[in-house]
Amino acid sequence: MPLITLTTDFGTQDAYVACMKGVIYGIQPQAMIVDITHEIRPQHIRDAAFVLVTAVDYFPAGTVHVVVVDPGVGSARRAIIAQTGDAYFVAPDNGVLSLVLQSAPDALLYEITNPAYQLPHISNTFHGRDIFAPVGAHLASGVSPDIIGEPIDDLVTFLPHLPQYQGNQLIGEIIYIDHFGNCISNIQADQLDPDPCYRVIIDGQLLELYDTYAAVNSLQPLALIGSSGYLEIAVRDGNASKILSLSLGAKVALKPVNCTS
Amino acid sequence: MPLITLTTDFGTQDAYVACMKGVIYGIQPQAMIVDITHEIRPQHIRDAAFVLVTAVDYFPAGTVHVVVVDPGVGSARRAIIAQTGDAYFVAPDNGVLSLVLQSAPDALLYEITNPAYQLPHISNTFHGRDIFAPVGAHLASGVSPDIIGEPIDDLVTFLPHLPQYQGNQLIGEIIYIDHFGNCISNIQADQLDPDPCYRVIIDGQLLELYDTYAAVNSLQPLALIGSSGYLEIAVRDGNASKILSLSLGAKVALKPVNCTS
Amino acid sequence: MPLITLTTDFGTQDAYVACMKGVIYGIQPQAMIVDITHEIRPQHIRDAAFVLVTAVDYFPAGTVHVVVVDPGVGSARRAIIAQTGDAYFVAPDNGVLSLVLQSAPDALLYEITNPAYQLPHISNTFHGRDIFAPVGAHLASGVSPDIIGEPIDDLVTFLPHLPQYQGNQLIGEIIYIDHFGNCISNIQADQLDPDPCYRVIIDGQLLELYDTYAAVNSLQPLALIGSSGYLEIAVRDGNASKILSLSLGAKVALKPVNCTS
């Protein structure tokens with residue numbers, strides 16, 4: 001049973017997402033559709049790229065991921081397919097696949113060109129419905145991407161913000177704030193020594209690094225490695241972003257300390 | 001595989017929608033259910049009618065659309081089925097089908113009367129769960145509407161607000177504001193001459209008509225024909241409703257101009 | 001076709017819910033997944049218990065309910081399965097099943113212990129993805145709970161707040177406020193005499209008990225028995241919580257009166 005995911009900034013109050021699903025079921029009635037989210041902040045390509053990369057490893061091989069955060073809809077920006085060993089991605093060529101393709105340097109890339117796999121009428125403002133949904137449904141039905149499009153060898157990508165060393169401190173920043181107010185940084189677990197003796201400095205405040213939210217008392221702040229492998233700042237049973245007044249871009253310093261101190 | 005859509009004002013924080021889905025799967029385990037939206041403003045029948053009409057054309061023939069925006073639940077208002085050439089609609093008889101049935105004057109209409117196709121206990125406050133969901137599931141399973149109800153020949157409908165000419169200007173109004181803040185008017189694409197020389201006047205401001213959001217600079221306002229075929233007022237990468245202080249009912253004037261001006 | 005429901009406090013802006021669904025489909029590609037809600041207020045176990053109990057009776061026998069409101073994730077709290085005559089429940093052992101198990105005193109209880117039915121790597125912060133989702137998928141696939149876990153004979157439960165008599169008045173409280181602002185009390189329909197002559201006193205205001213919202217004029221307050229069998233305070237076409245300034249815990253008195261008065 002072919003699996004298709006949807007990631008958009010369309011919200012859920014209008015019929016935009018439903019139109020995409022109607023188009024998909026019209027082409028592939030057996031499709032299973034999973035909403036990754038439709039609450040990407042409007043036009044925020046980096047947010048979409050981050051949410052997507054935290055999800056894709058948990059989907060079965062062969063899943064088709066349709067991503068529509070598309071401020072350039074109707075302009076000359078290309079519509080693309082990326083095929084990795086495990087998955088297909090269908091998206092506008094605006095960088096939204098930058099993070100998922102970092103671990104897939106051999107991905108095959110295509111520009112979507114064949115009108116036979118799109119709706120007969122293409123609007124200027126809603127390619128999610130008119131191009132990306134039908135292409136996703138045809139891929140899920142087994143149509144080869146080289147029939148739907150033409151091979152290309154470059155993509156628009158953005159450079160992820162990477163943490164930098166200043167002396168012995170690794171300086172990163174908050175790149176995503178989740179529903180709970182947990183503030184997720186761009187420092188990844190594999191940048192930490194197995195030696196657990198670190199402190200995290202954020203906005204002048206020194207936080208200890210723990211394994212679980214429950215390691216501190218209710219409403220106390222802490223740092224920990226979150227479920228996607230990134231260092232995050234949290235408040236137990238609370239909203240760290242609000243309580244600590246942290247926003248996107250806030251600096252996070254990881255400082256090794258003497259374990260006995 | 002029978003397809004059922006749901007459009008309600010129930011929101012997504014409670015179990016109301018899930019109860020409807022549980023009832024549907026209990027009757028038709030093969031059903032595919034698509035949420036059109038559950039975020040219709042509470043009791044706003046006109047919003048629901050608009051969202052529904054923008055979605056239905058994109059669903060395969062035979063889809064059953066269950067619509068529950070039902071301020072009169074438990075009163076004498078009827079529960080109805082409308083059968084068009086392409087789809088079934090199940091809804092309270094309060095005008096919520098006014099727009100989808102404009103293009104289906106020959107729809108067959110039924111009042112839902114047969115208790116065998118409803119839950120055994122009918123509450124006074126939640127016919128979505130007790131009547132509309134089970135009727136939708138039975139229709140999707142192939143039960144004929146004339147077994148579920150009795151033919152009727154009239155419905156409650158509301159008159160859509162239609163744009164009017166004042167001199168050579170077509171005067172419409174904002175009838176829907178979407179998730180992005182795009183302000184959708186009741187002026188439809190087929191009311192525009194193929195000649196592209198129009199200006200749009202809204203709240204004293206003159207806007208040019210473009211094909212795409214990307215035709216103007218970021219945060220600039222524009223008018224365009226949106227994906228559902230209505231004239232809409234937008235701000236590129238921004239929220240037109242907030243930036244331009246536009247609300248439902250705001251007047252929109254479409255003014256033909258000399259193309260060379 | 002195995003049916004799995006999800007109830008969490010994860011919200012819908014991140015990929016947390018999608019990760020759970022990806023894991024489920026990887027194990028059981030035929031699963032039908034229904035979201036009960038993901039908008040439980042973060043860490044509010046009592047809200048989750050209430051929403052769950054209003055939903056489960058409407059799902060077919062054999063449904064697997066996965067519930068993840070889990071402030072103690074990563075601590076020593078157990079992960080459990082409860083098997084009733086009709087359903088399976090998979091949840092942290094923190095009281096979230098208190099209400100659904102009140103009507104199932106003979107439920108079989110298990111602690112989840114077998115790593116073969118969990119993801120290979122268990123994070124400290126997201127057991128929804130790593131333990132509860134895969135266990136739910138295996139149960140839906142027919143794996144017996146006594147293979148996934150070990151029998152236990154106790155659970156963490158909370159005592160529901162029950163209404164109390166003061167003289168001839170039954171004094172309850174508001175335990176849940178829904179999307180519409182309806183204020184649901186802990187007084188249940190079967191605590192009312194079939195004799196309809198009651199008044200409801202809330203915050204000094206005397207309300208009549210009606211059958212339907214439509215029994216009063218628009219924006220007028222009323223009391224009625226809601227769709228889940230609890231006495232609720234509503235405002236027709238309005239938000240009772242806002243209009244009447246009612247919050248969780250507000251006292252509700254049910255007072256029998258002379259029918260002729």
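A: In this predicted model, C:Thr84 is in contact with C:Phe89, C:Leu101, C:Ala104 and C:Ala107, once its neighbours within four places in sequence are left aside. The residue sits in the loop of chain C that runs between strand S4 (79-83) and strand S5 (87-92).

A rotation of 120° with 0.0 Å of shift along its axis superposes chain A on chain C, with an RMSD of 0.0 Å, and that is the relation of a three-fold axis. Chain A is likewise superposed on chain B by a rotation of 120° and a shift of 0.0 Å along the axis, again with an RMSD of 0.0 Å. Among the residues of chain A, the one that comes closest to the rotation axis is A:Met32, whose C-alpha lies at 5.1 Å.

Chain A has 261 residues, of which 59% count as buried, and its secondary structure comes to six helices and 15 strands. Its C-alpha trace spans about 65 × 35 × 35 Å along the principal axes. When contacts in chain A between residues at least 6 apart in sequence are considered, 64% of them join residues at least 24 apart.

Turning to the interfaces, the contact of chain A with chain B takes 32 residues from chain A and 30 residues from chain B. Together the two chains bury about 2500 Å² between them, with 59% of that area on carbon and sulfur atoms. On the side of chain A, the residues that lose the most area to chain B are A:Gln13, A:Tyr25 and A:Thr125, which together account for 23% of what that side buries. Helix H1 (residues 16-27) of chain A gives the most to this side, with eight residues, and by class the side holds 15 nonpolar, 13 polar and four charged residues. Between chain A and chain B the count of salt bridges is zero, whereas 14 residue pairs, both members at pLDDT 80 or more, are found in polar contact across the interface.

The contact of chain A with chain C takes 30 residues from chain A and 32 residues from chain C, and the area buried there is about 2500 Å², of which carbon and sulfur atoms give 59%. Here A:Tyr58, A:His179 and A:Phe180 are the residues of chain A that lose the most area, together 25% of what that side buries. Salt bridges between chain A and chain C number zero, while 14 residue pairs, both at pLDDT 80 or more, are in polar contact. Two or more residues each are given to this side of chain A by strand S2 (32-37), helix H2 (45-55), strand S9 (169-177) and strand S13 (221-225), and S2(A) has the largest share, five residues. By class, the side of chain A that touches chain C has 18 nonpolar, seven polar and five charged residues.

Notes:
Residues numbered from 1 in each chain as written. Chains lettered and ligands numbered in written order. Predicted model: local features only at pLDDT ≥ 70, side-chain atom pairs only at ≥ 80, totals over all residues. Heavy atoms only, no water. Least-squares fit on C-alpha atoms with pLDDT ≥ 70 in both. Contact = heavy atoms within 4.5 Å. Buried area = accessible area lost by both parts, 1.4 Å probe. Salt bridge = Lys/Arg side-chain N within 4 Å of Asp/Glu carboxyl O. Polar contact = N/O pair within 3.5 Å; in protein donor to acceptor, adjacent residues only side chain to side chain. Helix = DSSP H or I, 4+ residues; strand = E, 2+ residues; numbered from the N terminus. Nonpolar A, V, L, I, M, F, W, Y, C, P; charged D, E, K, R; others polar. Buried < 20%, exposed > 50% of the residue type's maximum accessible area, 1.4 Å probe, protein only.
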